[in-house]
Each structure stands twice: as C-alpha cells, then as structure tokens.
Amino acid sequence: MSQAASPQGATGGSAVPPHPYKNKAIGLAVAAAVGGFLFGFDSSVINGAVDAIEGEFEIDPAVTGLVVAIALLGCAFGAWLGGKLADRWGRTRVMFLGAVLFFVSSILSGIAFGVWDLVLWRIMAGIGIGIASVIAPAYIAEIAPAAMRGRLGSLQQLAITLGIFAALLSDQLLATAAGGASEELWLGLEAWRWMFIVAVIPAAVYGILALQIPESPRYLIATGKREEAKKVLATTLPENDDVEAHVVQIEHTIATDKKLASQASLKGPRFGLLPVVWIGILLSVFQQFVGINVIFYYSNTLWQAVGFEESQSFMISTITSVTNVLVTFIAIALIDKIGRRPLLLTGSFGMAVTLGLMALAFTQSTGTGKDVTLDGSWAVIALVSANLFVVFFGATWGPLVWVLLGEMFPNRIRAAALGVAAAAQWIANFLITVTFPPLLDTFGASIPYLMYAIFATLSFFFTLWKVPETKGIELEDMEGVKVDRTRRGAAPAA
C-alpha cells in the first residue's frame, strides 16, 4: 500500500498536529459497542426481579426459569436475523432496529399483565439484543485500522461487562429505594417493573448513535457509494495510508466475491458448513460452555456455600462484575501486542485449573442442591478460584471471541457467518443457564464445575490446533488464513 510523505509545516519545519484518525475510530467503535452494553444489561437486569416476578404472578420455579432463560432464545434468533439483514440494509440501520426492539420491549416488560405476555416481551428484547451482538463486532472490525482492530474490538466485551455492572447496580438501587423489589416505587409500579423500564435509557442512546454514525465503508462500496466510503476511510485510516488504495483493494475484494458468488454461501464440506464457520461456532460454544454465566446467574449459591449471608450475596456479585470490567483492560492492552492465540491459550489453561480447583473443593461440601456448605480452607479455595476464573475469562475468552468473530471471516460471508456463530453462542448460553440448576440438585456443585473444567481444557487444544492468528492482518486478506503448525500462529493466505 502506498504511503504519502509526512508533510512539514510551512514555517520552520514545525511538527504537524497528530492526525485524528485514532480518535475518530475510537469514537465510532465506542458508539457501536453500546450494543454490547445493552447485551450485558439485559442479561443481568432480570436477576433482581426474579423473586418479585415469582411472587407477583404466583408461578412455580420451572416457569420462573423459563422467564429468565427465554430471552436467550430470542437472542439466538436475533443474531441469525441480524446477520442476514446487515448485508441487505446496512450495519447502522440494523443497529437502529435492535435499539427500537429493546426500547419497546423494556416498556412492555415493565407493564406486563401476566407471565405469558412478560415472556413475549422478553423474547422481543432478546431479538433486539441478538441483533446488537452481531452488528457491533462486524461494524467495529470494518471501520478499525488493522493495527487497532483488536483493541477496538475488545470494547464490545468491555461494554458487556459495564452493562452487567450497571444492571446489577440499578437493580440494587431501585430495590433499596422501594424497600424491596416487590414494593411500589413510582407511578404505582413496583420496583421490579422499573428495573426493566430504566433500560429505555441505554436503548435510546444506542438508537440515537446508530442514526449519527457513518455506514461501514465496505457496505458503502458494495452498494456503489464510493465517495461516501472514501470520506469515512479518510477519517479512520492513519494519515500516511492511501485512501484510494484502500478503496481499490476493497473493490477488488468485492469484485472477486461476485465472481465467487456460488461460494458466498456458508455451506461447505464439513458437516454442511465451511471450516471457518465451524471455527466461529466452536469459539462461541466454548466461550459459554466454560460456565461463565453460572458465576453471574447463580453466584448466590457459591457465596452462601462459603459462609456469606444471603443479604451479602448481592454486593459480592456486584464486586465480581466490577472485577470482570477491570480485567477486560488487560485484553485491550495486550491483544494487538502479543496476539489473539497466546491470550486464548493462557485463558484456557487458567480457566481449566481454577474450575478444576472449584470442582475439587465442592467434593468436600456437605448438603445437597442449594443447601451446600464448605468449611475451612476449602471455602477459601472455592472463593479464590471463582474470582480467578472470572479474571482469566474476562482478560481472554470474554473479549477475544468477539474480536475474532468480527474479523476472521472472509468479507463475502462476514455478516452471515457472524450471525450463525453468535446464534450458537446464545443457544450455548441458554443450555448452560437451564442445565445448571438440575445438575446442582442431582449431583451437587462438583460435577458441573468439573464439566466446565473439561470444556476449558478442550478449548485449549481447539485453539492450539484450529484457531489462526489474525493480529495485524487486513480484513481483505483474511481469505485462506490458516494455523501455522511451526510457529503456532497464522500462515498467510496462499
């Protein structure tokens, strides 16, 4: 790619002010990542409302579990739908659709008349969140310079963790203000209803931002809007990069894709799908099958097992979510320096060890189901291991999977493949969420944590053998990138 000489000032060779491309790229990535905030907020906001909903509508625990988990199936459908629509409508229009769905569902969930219409509105919220979960990483990857793409892509996970924290904090504040989640707060509505309604604020922010940010340059070029694409690239590329050369490169990729139109399908020789699509699906599945959401959805059991009172569990869960936020900055700092694969391998190893220690600790527990107790040093081991597990996940597999899903697929299938992989992630999330309680009741905590440790171990070997290094590779050059067996990195495309 050609590079222009750095201009000098007209007088005295004074230094030229830094080109603002980094600030522009960061701003656009932050705007897109607000979708991740909605993702995190929605996944945790129901936690503070569960008991109140159960009492309000007089439902049994099985139906309560459906209310909690049903949004995840909506998310899976939304992720698949978002991937389909992104190539037809563009990235920003689909972002706006997701914001509208979440905005409307938040209000309707807050004024639900019964459990079944609440389930319907939760599905609608899930569709909106599923759409946002696909579009954000795709858009960020397409507007980010290659040298910054990992850091900017990690903003998606940072936004998710901030959304989890904000949801837990707002639930706590609203419940405290009303004197309980079931107590009336404002306008004759109980606090648990306001927990849903306040979500209109981030939904509105996301919708407004979606209307303000420019469309992806790759989508603009694909739809014949060359000059608009050049304007966007001029604000996000480094000053010494040739914008015209980038446009020509993207046009060449699009032209090649049209010639290979028959290959634009996700269908392939490996169980009906292309190998790269399976890599994306398995990255998504492993991210969930290590059991991270068990820590966030069912952490009360663990904290009470190690001796904390029930009233303290909410505060401890909030602290854990803060830890999850902070360790994401480790990934942001390292991802473009040491690469994706080393971080994933480190995370897999750390998660396998900490989950194994948790499984071992709970072999020493007494009691069954939720009424388990750990004594002495085993309680400390379980508590420390759980928090170290969050650290390893939050610094590696949490953000890096979203980065890889946004960048690893060839241009012609990126949005559709990302939609399928994200849908698989939501389905895996659903399976982990609904299976943990019966596993806990039947086998105790040791068996599920051992199962998650096994999946963490498998994720290590999967990364080692199948996941290529994508650090610094332009999106136009992702076609054919493979694992280099000698360097354990990426082999360039042939």
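## Helix 5 against helix 18

Helix 5 (residues 115-143) packs on helix 18 (residues 397-407) at an angle of about 70°, and their axes are 8 Å apart. Axes here are lines fitted to C-alpha atoms, for helices over the stretch in contact, with angles running from 0 to 180 degrees between N-to-C directions. Helices (H or I, at least four residues) and strands (E, at least two) are DSSP runs, numbered from the N terminus. Helix 5 and helix 18 are therefore roughly perpendicular to each other; angles of 65 to 115 degrees count as roughly perpendicular, under 35 as roughly parallel, over 145 as roughly antiparallel and the rest as oblique.

The crossing of helix 5 and helix 18 is right-handed. A crossing is right-handed if the near helix is turned clockwise from the far one by less than a right angle, and left-handed if anticlockwise. On the helix 5 side, Ser133, Pro137 and Ala141 meet Trp402, Gly406 and Glu407 of helix 18, where contact means heavy atoms within 4.5 Å. By class, this contact of helix 5 with helix 18 has three nonpolar, two polar and one charged residues. Ala, Val, Leu, Ile, Met, Phe, Trp, Tyr, Cys and Pro count as nonpolar, Asp, Glu, Lys and Arg as charged, and the others, Gly among them, as polar.

## Model and overall content

This is a predicted model, in which local features need pLDDT of at least 70 and side-chain atom pairs count only at pLDDT 80 or more, while totals for chains, interfaces and linings use all residues. Residues are numbered from 1 along each chain as its sequence is written, and side-chain values use heavy atoms, with hydrogens and water left out.

The chain has 20 helices and eight strands. Of its 494 residues, 56% count as buried; buried means under 20% relative accessible area, exposed over 50%, and partly exposed in between (1.4 Å probe, protein chains only). Among contacts between residues at least 6 apart in sequence, 77% join residues at least 24 apart.

## Helix 4 against helix 8

The axes of helix 4 (residues 91-110) and helix 8 (residues 200-212) cross at roughly 160° and come within 8 Å. Helix 4 and helix 8 are therefore roughly antiparallel to each other. Their crossing is left-handed.

Helix 4 contributes Thr92, Met95, Phe96, Ala99, Phe102, Phe103, Ser106 and Ile107, which meet Val200, Ala203, Ala204, Tyr206, Gly207, Ala210 and Leu211 in helix 8. By class, the contact of helix 4 with helix 8 has twelve nonpolar, three polar and no charged residues.

## Helix 12 against helix 19

Helix 12 (residues 275-289) and helix 19 (residues 414-443) have axes that come within 8 Å and cross at roughly 25°. That angle makes helix 12 roughly parallel to helix 19. The crossing of helix 12 and helix 19 is right-handed.

Residues of helix 12 in the contact include Val277, Gly280, Ile281, Ser284 and Phe289, and those of helix 19 include Ala417, Val420, Ala424, Gln425, Ala428 and Ile432. By class, the contact of helix 12 with helix 19 has twelve nonpolar, six polar and no charged residues.

The structure holds nine aromatic pairs. Rings of Phe, Tyr and Trp (its six-membered ring) pair if their centres lie within 6.5 Å; planes under 30 degrees apart count as stacked, over 60 as edge-to-face and the rest as tilted. Tyr449 and Tyr452 form an edge-to-face pair, 6.1 Å centre to centre with 80° between the planes. These two tyrosines, Tyr449 and Tyr452, are three residues apart in helix 20 (residues 446-466), so they are separated by about one helical turn. Tyr449 counts as buried at 4% relative accessibility, and Tyr452 counts as buried at 0%.

Phe461 and Trp465 form a tilted pair, 5.5 Å centre to centre with 40° between the planes. Both lie in helix 20, four residues apart, about one turn of the helix. Phe461 is partly exposed, with a relative accessible area of 35%, and Trp465 is partly exposed at 47%. Ring pairs also link Phe362, Tyr449 and Tyr452 into a cluster.

## Surroundings of Val325

Val325 lies in helix 15 (residues 310-338) and is buried, with a relative accessible area of 10%. Not counting residues up to four places away in sequence, Val325 touches Leu158, Thr161, Leu162 and Phe165. Val325 and Thr161 are 164 residues apart along the chain, and their C-alpha atoms are separated by 5.1 Å.
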